[in-house]
Amino acid sequence: MATLVPVGIIFTIILMIAPAYTLNCTTQKFSSNRVFQNCSDLPVLSSILHWTYNSSNSTLSVAFTAPPAAADGWVSWAINPNGAYMAGAQSLIAFRQGGSLVVKPFVLNNYSSIVQTNLSYPVSGTSAEVVDGKMTLFAIFQLPEKMTKFYHIWQVGAAVASGVPRKHEFEPANLNAKGTLDLIAGLGGSGGAPGNAPSGSPSSPPSGTPGSPSPSIAPGGSHGGDSGIKKSNMSFYLFLVLGSFIVLCF
């Protein structure tokens, strides 16, 4: 005969077990045993950023992970030394092309034009991989000396046409995908310019600049810091609830 079990006991078990099955920056593993010194769970788009900064030669090694908006979509991570918006962003975008994963450099000249071209910062070691539906792009940036704090923007999209990423969604998560990256201390908010940003750097698009996103990548919103463990595996949790109920009741 079945025995009724308090719902509270079931959810207690779920809360104890579920975190071990969620992906976050401290549990994520890469191919070829790649390891980075720092990582952060970004606040939106289920994104994770890993990085290692070498102050002796001003190189920044990064791994950016996010689920594309669709199987044939793209993910992007960008540096903008001038402000927390996309105009002028130095972007790397990963997507599938001809059956292979590629990482290509794009610069958003304004809010209506994105161009594939070399970035202001030399980039090497680019590659990409997909694991469990999440795409990761790897790269090494050669930064100017003592450039250790700057704006960064990340984004995801659903389609690529003729080698050019197409427009993404304009949901709050997409519009909030920006922040300030401190390579030494960690991630910070987007309120105010980074301490070593160029003098007079704006923290929003200049007056007269269209506020609408480009056809490919949009500007973001505020950055909220580390988000901790992401509770995104809802189907797994529901399965765990059902399994716990069956085990405890029979």
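Analyst: Let's begin with a term: a pocket is an open set of grid points with protein on both sides within 12 Å along at least five of seven lines, and its lining residues have an atom within 4 Å of a point. In this predicted model, 13 residues line the second largest pocket. Gln28, Arg34, Val35, Phe36 and His50 are the ones nearest its centre.

User: How much space lies in that second largest pocket?

Analyst: About 210 Å³.

User: And what makes up its lining, by class?

Analyst: The lining of the second largest pocket has six polar residues, five nonpolar ones and two charged ones.

User: Why is Leu183 called buried?

Analyst: The cut-off for buried is under 20% relative accessible area. Leu183 has 3%, so it is buried.

User: Where is Leu183 found?

Analyst: Leu183 sits in the loop between strand E13 (178–182) and strand E14 (186–188).

User: Which residues is Leu183 in contact with, leaving aside its neighbours within four places in sequence?

Analyst: A contact needs heavy atoms within 4.5 Å. With those neighbours set aside, Leu183 is in contact with Asn38, Trp51, Tyr53, Leu60, Leu143, Met147, Thr148 and Phe150. As for Ser55, it is 128 residues from Leu183 along the chain, and their C-alpha atoms are separated by 9.8 Å.

User: What is the order of the strands in the open sheet of five strands?

Analyst: The order is E1-E2-E3-E9-E8, with antiparallel pairing. Strand E1 (38–41) and strand E8 (123–131) are the edge strands, as each pairs on one side only. From one strand to the next, the twist averages 15 degrees.

User: How do you know that E1 and E2 are paired?

Analyst: Pairing takes at least two bridges between two strands. Four bridges join E1 to strand E2 (residues 48–54), so the two count as paired, and they run antiparallel.

User: What joins strand E9 to E3 and E8?

Analyst: Eight bridges join strand E3 (residues 59–66) to strand E9 (residues 134–142), running antiparallel. Seven bridges join E8 to E9, which also run antiparallel. Ile140 in E9 takes part in both pairings: Ser61 stands opposite Ile140, and Ile140 is the bridge partner of Ser124.

User: How many residues lie between E8 and E9 in their hairpin?

Analyst: Two, and Asp132 in the turn has a positive phi of about 55 degrees.

User: Why is E5 described as largely enclosed by the rest of the structure?

Analyst: Because six of the eight residues of E5 are buried. Ile93 lies in this strand, E5 (residues 90–97). With the cut-off for buried at under 20%, Ile93 qualifies because its relative accessibility is 0%.

User: Which strands pair with E5?

Analyst: Strand E4 (residues 74–80) pairs with E5 in the antiparallel sense over six bridges, and Ala78 stands opposite Ser91 in E5. Strand E6 (residues 100–110) pairs with E5 over eight bridges, again in the antiparallel sense. There, Ile93 stands opposite Lys104 in E6. E5 and E6 also form a hairpin with two residues between them, and Gly98 in the turn has a positive phi of about 60 degrees.

User: How far apart are Ile93 and Pro105?

Analyst: They are 12 residues apart in sequence and 6.4 Å apart in space, C-alpha to C-alpha.

Definitions and conventions: Residues are numbered from 1 along each chain as its sequence is written. This is a predicted model: local features need pLDDT of at least 70, side-chain atom pairs count only at pLDDT 80 or more; totals for chains, interfaces and linings use all residues. Side-chain values use heavy atoms; hydrogens and water are left out. Axes are lines fitted to C-alpha atoms, for helices over the stretch in contact, and angles run from 0 to 180 degrees between N-to-C directions. On a 1 Å grid over the protein atoms alone, a cavity is a set of points where a 1.4 Å probe fits but cannot get out, and a pocket is an open set with protein on both sides within 12 Å along at least five of seven lines; lining residues have an atom within 4 Å of a point. Grid points are joined across faces, edges and corners, and a volume is the space filled by probe spheres set on the points. Ala, Val, Leu, Ile, Met, Phe, Trp, Tyr, Cys and Pro count as nonpolar, Asp, Glu, Lys and Arg as charged, and the others, Gly among them, as polar. Buried means under 20% relative accessible area, exposed over 50%, partly exposed in between (1.4 Å probe, protein chains only).
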